[in-house]
Amino acid sequence: MNNETFKAAMKFNAANERTLLAWLRTAAMISVVAAVLAKFENRYGKHVLLLVVSLVAIAIAVAIVQFWYRRALYRNRVKGLAYSHRAGPLVTGCAVTLLLSYSALQLVSFEIEAHMNKNCGFLRPVVKDASPPFVYMSMHGSTKPYHILCRPDLGVGGIHRFSLDDGSYAGPVTDQRASLISLPRGIAEHDGMLVVADANRKDSSLVVFGNCSSREARPFLGRIRPLGIPVANFIHPYAVVARSDMIYVSTQDGASVVALNMSSGEMEVVSQLSNPRHSKHDGPLRGMDIDAWGCYHVAERRMHAVVHICRDIVWHTKVDTPIDVKVDPLNKVLYVGSFSDRH
């Protein structure tokens, strides 16, 4: 057995001890490729992602065909066949190096943009002389709030203010860079502070911002997470209502109405309307409001109804796909927002 034949035999018949390391390298390479492809989709869209995936698939197919072709040659002991084949490892190494370099450059360029671009966090140019009063609006956000900080075309996080007179944009209300709210939902003001529901399933919480002393963004004070109740009851907080020293929250996937004592931070489940949903499918509850008698009115999409909870009495009013409710205390009227076009 000559030297080349011996090396080939060792490569294909005595390499079991290297299998684990080989699979680990393969897993690392796949992870890098997947991360970079995800960045392509976020930055350039699905069409560019499809093109990149196609090129990667073609390269993989060529590599597999070449591998099996050379393996067959080795098995048949073809004379003059070099044991070492540098083209395959060289191409693979270059591809992985390029992907890692691209990923690193993306991170560096994003950090530079986030810190140097003064327009990060703004929807559009601010109208400096926008006249009050202002209306606060929460946007849908993103599970990757840092990635959309300078890219409002990919998603808008935080709370923003608009003039009620002419609709002009007056800038962000909250410091999104410091708070990084993922999925902002309901908002309420308590003792001058702004409380925002963050519906991110991985960190369902209430985000608290300081007083509004000027037209600058309110400072980020911290997050309030479930305390004294099961975490499942606080999944995907939706509506936020402030009453006296209490904050009341309807939780979309927790299917609960939760009361928060702002002095102690303790929470209590006021009403459990159904079992919490642990899947990624939307839960039943949406908007909520409280009337002057302390009765809760909650939009329940699954039942196509508004649920009224007044002490120990619970009843329903049928409404197609309700999304939010608001109490008019002066006229004693309950307004219901709905996705349906049949009202």
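**Exercise 1.** Which side chain meets that of R218 in a salt bridge?

*Solution.* Begin with the ground rules: this is a predicted model, in which local features need pLDDT of at least 70 and side-chain atom pairs count only at pLDDT 80 or more, whereas totals for chains, interfaces and linings use all residues. Residues are numbered from 1 along each chain as its sequence is written, and side-chain values use heavy atoms, with hydrogens and water left out. Next, apply the criterion for a salt bridge, namely a side-chain nitrogen of Lys or Arg within 4 Å of a carboxyl oxygen of Asp or Glu. The partner is E189, with 3.0 Å from N to O. R218 belongs to the loop between β6 (205-209) and β7 (220-224), while E189 belongs to strand β4 (residues 184-190), 29 residues apart; strands here are DSSP runs (E, at least two residues), numbered from the N terminus.

**Exercise 2.** Classify R218 and E189 as buried or exposed.

*Solution.* Buried means under 20% relative accessible area, exposed over 50%, and partly exposed in between (1.4 Å probe, protein chains only). R218 has 2% relative accessibility and is therefore buried, whereas E189, with 51%, is exposed.

**Exercise 3.** Describe the salt bridge between R201 and D253.

*Solution.* The closest N and O atoms of R201 and D253 are 2.6 Å apart. Because R201 sits in the loop between β5 (193-198) and β6, and D253 in the loop between β9 (246-251) and β10 (256-261), the pair ties together parts 52 residues apart in sequence. R201 is partly exposed at 32%, and D253 is buried at 2%.

Key
Helices (H or I, at least four residues) and strands (E, at least two) are DSSP runs, numbered from the N terminus.
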